[in-house]
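Here is a structure to walk through in questions and answers. Take a look before reading on.

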2 protein chains.
Amino acid sequence: MRTVVPVSGAEPKTRLSPVLTADERREFTEAMLSDVVAALDAAGRLPDVVSTAPIACDVPVTVDERGLDALVNDRLDAADGRLAVVMADLPLLTAETVDRLFAPDTDVVLAPGLGGGTNAIVSRHERFRVDYHGVSIRDHRQRAQKVDATLTEVDSRRLAIDIDELDDLAELLVHGDGAATDWLRDAGFELVVDEGRVGVARD
Amino acid sequence: MRTVVPVSGAEPKTRLSPVLTADERREFTEAMLSDVVAALDAAGRLPDVVSTAPIACDVPVTVDERGLDALVNDRLDAADGRLAVVMADLPLLTAETVDRLFAPDTDVVLAPGLGGGTNAIVSRHERFRVDYHGVSIRDHRQRAQKVDATLTEVDSRRLAIDIDELDDLAELLVHGDGAATDWLRDAGFELVVDEGRVGVARD
């Protein structure tokens with residue numbers, strides 16, 4: 001089974017624009033992608049990276065300017081529904097967590113993201129297709145049911161935390177040890193502790 | 001090994017006060033506690049509930065007005081460091097996830113919460129003690145290392161998501177199926193879908 005890592009390469013991580021310039025967001029995106037590819041590779045799942053714009057990566061990158069749904073569903077079509085999809089902004093991913101994603105023996109495996117997203121999918125069902133808009137985890141559950149696919153959801157924090165917003169950077173500084181975390185530290189980000197959850201600041 | 005569930009019963013969930021009255025926050029806290037107790041019970045780990053103020057619960061509640069660190073560390077002292085601690089605001093917890101928490105054969109098992117917290121601990125080391133202030137997951141890692149305890153961290157979204165803030169309620173509405181989710185729906189909360197992560201609104 002192929003594993004595809006889709007990257008939004010054109011204007012990545014716009015919700016981080018209050019704290020990162022456009023060039024920095026690109027560099028940070030590349031660092032996160034590098035962490036994801038490394039985790040997949042270590043688990044024996046070297047992926048195909050597909051980006052909406054050229055992006056630096058240690059593995060070959062296919063540029064596909066269409067939206068996420070089209071590029072994933074085309075690949076599902078071509079592979080009779082046998083495909084894994086792992087998002088590029090999961091820098092806490094480890095090989096062990098990748099193994100847990102592929103372990104369940106069901107037609108479809110979903111890894112929920114924070115905020116209703118779907119951060120990873122393993123499909124082994126010829127009629128399963130994706131729709132990443134809205135509360136996608138709910139839609140993907142319904143689609144699995146609709147095509148009579150057996151379904152598992154993986155309970156993983158490392159697969160749930162996609163890095164989109166300022167608060168997410170704190171998760172990397174607390175738990176990360178890869179390229180994206182190094183990049184953040186080099187860029188001057190550090191943890192700020194006050195009441196409640198930890199935050200981040202840039203020096 | 002005993003399992004303790006500490007509850008902040010006096011003025012619970014103040015960060016939800018923009019959307020819930022004091023009475024509602026108490027009811028919601030009791031619903032979350034009920035979900036946590038049910039998950040632990042289903043896994044054969046019926047807990048001791050310890051609250052800083054009287055609170056309604058299906059199992060007996062010990063009232064202990066001291067802070068979290070004191071009440072947990074006293075119990076660790078009394079049990080030669082053999083104790084499990086599971087927070088009361090983890091309504092997505094399931095028996096399967098409880099099993100994963102207790103499975104690792106190490107002196108200490110930690111379940112990180114979002115924002116640097118420590119949402120569950122299994123201690124089997126006589127010198128391990130807790131300190132929930134600041135970035136507690138980092139402190140607990142250091143404490144385990146300091147007493148030469150072997151350490152595992154559980155990679156679980158259901159153990160990571162503690163319900164403190166408005167956005168956290170969305171996680172319950174997307175993923176929950178217990179008493180706390182029912183309570184939220186009855187109180188008029190529903191998902192709101194816009195760009196990015198899903199939010200909640202109250203009708």
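Helices and strands here are DSSP runs: a helix has at least four residues, a strand at least two, and both are numbered from the N terminus. The model is predicted.

Q: In which helix is D186(A) found?
A: Helices are numbered from the N terminus. The one in question spans residues 179-186 of chain A. D186(A) is found in helix α7.

Q: What separates the C-alpha atoms of D186(A) and T62(A)?
A: Along the chain, D186(A) and T62(A) are 124 residues apart.

Q: What is the order of the strands in the open sheet of chain B?
A: The sheet has seven strands, and its pairing is mixed. β3 and β7 (151-153) of chain B stand at the edges with a single partner strand each, so one side of each has no neighbour in the sheet. Neighbouring strands are turned by 25° against each other on average, direction ignored. The order is β3-β2-β1-β4-β6-β5-β7.

Q: Which residue of β2(B) is the bridge partner of V5(B)?
A: Strand β1 (residues 2-7) and strand β2 (residues 48-51) of chain B pair in the parallel sense over four bridges. The partner of V5(B) in β2(B) is V49(B).

Q: What is the hand of the β-α-β crossover from β1(B) to β2(B)?
A: From β1(B), the chain passes through helix α1 (residues 22-42) of chain B and then reaches β2(B). This crossover is right-handed.

Q: Which residue of β3(B) is the bridge partner of S51(B)?
A: β2(B) and strand β3 (residues 61-63) of chain B run parallel, joined by three bridges. V49(B) has V61(B) as its partner in β3(B). For S51(B), the partner is V63(B).

Q: Which residue of β6(B) stands opposite A84(B)?
A: β4(B) pairs with β1(B) in the parallel sense over three bridges, and R2(B) stands opposite L83(B). With β6(B), β4(B) pairs in the antiparallel sense over five bridges. Opposite A84(B) stands V122(B).

Q: At about what angle to β1(B) does helix α2 of chain B run?
A: Helix α2 (residues 68-78) of chain B lies across β1, β2, β4 (82-86) and β6 (118-124) of chain B. One of these, β4(B), is mostly covered, with four of its five residues buried. The angle of α2 to β1(B) is about 170°.

Q: Which residues of the largest nonpolar core touch the most other members?
A: This core has 112 residues. V86(A) touches, among others, T3(A), V5(A), V36(A) and L40(A). The residues that touch the most other members are V36(A), V86(A), V36(B) and V86(B).

Q: As by what axis are the two copies related?
A: Chain A can be laid on chain B by a turn of 180° and a shift of 0.0 Å along the axis, with an RMSD of 0.0 Å. The two copies are thus related as by a two-fold rotation axis.

Definitions and conventions
Residues numbered from 1 in each chain as written. Chains lettered and ligands numbered in written order. Predicted model: local features only at pLDDT ≥ 70, side-chain atom pairs only at ≥ 80, totals over all residues. Pairing = 2+ DSSP bridges. Right-handed = clockwise from strand over helix to strand, strands pointing away. Least-squares fit on C-alpha atoms with pLDDT ≥ 70 in both. Core = buried A, V, L, I, M, F, W, Y, C linked by C-beta atoms within 7 Å. Buried ≥ 20, exposed ≤ 12 C-beta atoms within 10 Å, placed from the backbone. Contact = placed C-beta atoms within 7 Å. Axes fitted to C-alpha atoms, helices over the stretch in contact; angles between N-to-C directions. Lists of a residue's contacts leave out its neighbours within four places in sequence.
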